[in-house]
Amino acid sequence: MSGENGATGRAGDEAVSRFVERFAAELTEAGMQRMASRVFAALLSSEKGSMTSAELAEQLRISPAAVSGAIRYLNQVNMVSRERDPGSRRDRYVLHNELWYETFTRRDQLLTRWEKALRDGAETLGPQTAAGRRVAETAEFFEFLQGEMSGLMERWRVYREARGTA
């Protein structure tokens, strides 16, 4: 491997590759597309948190088309962004700062939409029906998660600041 991603020449490149594949497998098991999981894990483990398409293709031993499809997915779910290499026509793919915070914040927005749809569904089904009660309880669960998520994200910010990693 010979890129600018910081992975080249690191002691344990093989161990890094094993980590990338292991973490990618975990992400895939959780529902993320397989190639997107691999590209994300490679970006996450790169020294700069960014790589070009050629660097990703080389490290992961995949085609540029596979990189492109994975990046398209990761961009759609706001996990990476595209930046132009200064003085070049090459794109560099970059992890968002505060990636996990942003991901969970978007998930919170999704929970809000689901909760509204579920409350509408519970009303439609009627509170006297088993289906209506089940749907209403699911809406309550999402409402509960949202309340907990807000507190959890705030505790995370405080924790990071206390550790000096913010």
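Glu154 counts as partly exposed, at 39% relative accessibility; buried means under 20% relative accessible area, exposed over 50%, and partly exposed in between, with a 1.4 Å probe and protein chains only. The model is predicted, so local features need pLDDT of at least 70 and side-chain atom pairs count only at pLDDT 80 or more, while totals for chains, interfaces and linings use all residues. Residues are numbered from 1 along each chain as its sequence is written, and side-chain values use heavy atoms, with hydrogens and water left out.

**Salt bridges**

- Side chains of opposite charge can pair when their charged atoms come close.
- A search of the whole structure finds nine salt bridges, each being a side-chain nitrogen of Lys or Arg within 4 Å of a carboxyl oxygen of Asp or Glu.
- Glu154 is the partner of Arg157 in one of them, with the closest N and O atoms 2.8 Å apart.
- Both residues lie in helix 6 (residues 130–163), three residues apart, about one turn of the helix; helices (H or I, at least four residues) and strands (E, at least two) are DSSP runs, numbered from the N terminus.
- Arg157 is partly exposed, with a relative accessible area of 31%.
- Salt bridges that share partners join Arg82, Arg84 and Asp91 into one network.
- In helix 5 (residues 99–125), Glu115 and Arg119 lie four residues apart, about one turn of the helix, and their salt bridge has its closest N and O atoms 3.1 Å apart.
- Glu115 is buried, with a relative accessible area of 12%, whereas Arg119 is partly exposed at 33%.
- In helix 1, Arg18 and Glu14 are four residues apart, and they form a salt bridge with the closest N and O atoms 3.2 Å apart.
- Arg18 is partly exposed at 49%, while Glu14 counts as exposed at 59% relative accessibility.

- Within helix 3 (residues 53–60), the residues Glu55, Leu56, Ala57, Gln59 and Leu60 are buried.
- The elements that cover these buried residues include helix 1 (13–29), helix 2 (34–45), strand 1 (50–52), helix 4 (64–76) and strand 3 (91–95), where contact means heavy atoms within 4.5 Å.

**Strands 2 and 3**

- Strand 2 (residues 80–84) pairs with strand 3 in the antiparallel sense over five bridges; two strands pair if DSSP finds at least two bridges between them.
- Val80 stands opposite Leu95 in strand 3.
- The hairpin of strand 2 and strand 3 has six residues between the strands, and Gly87 there takes a positive phi near 70°.
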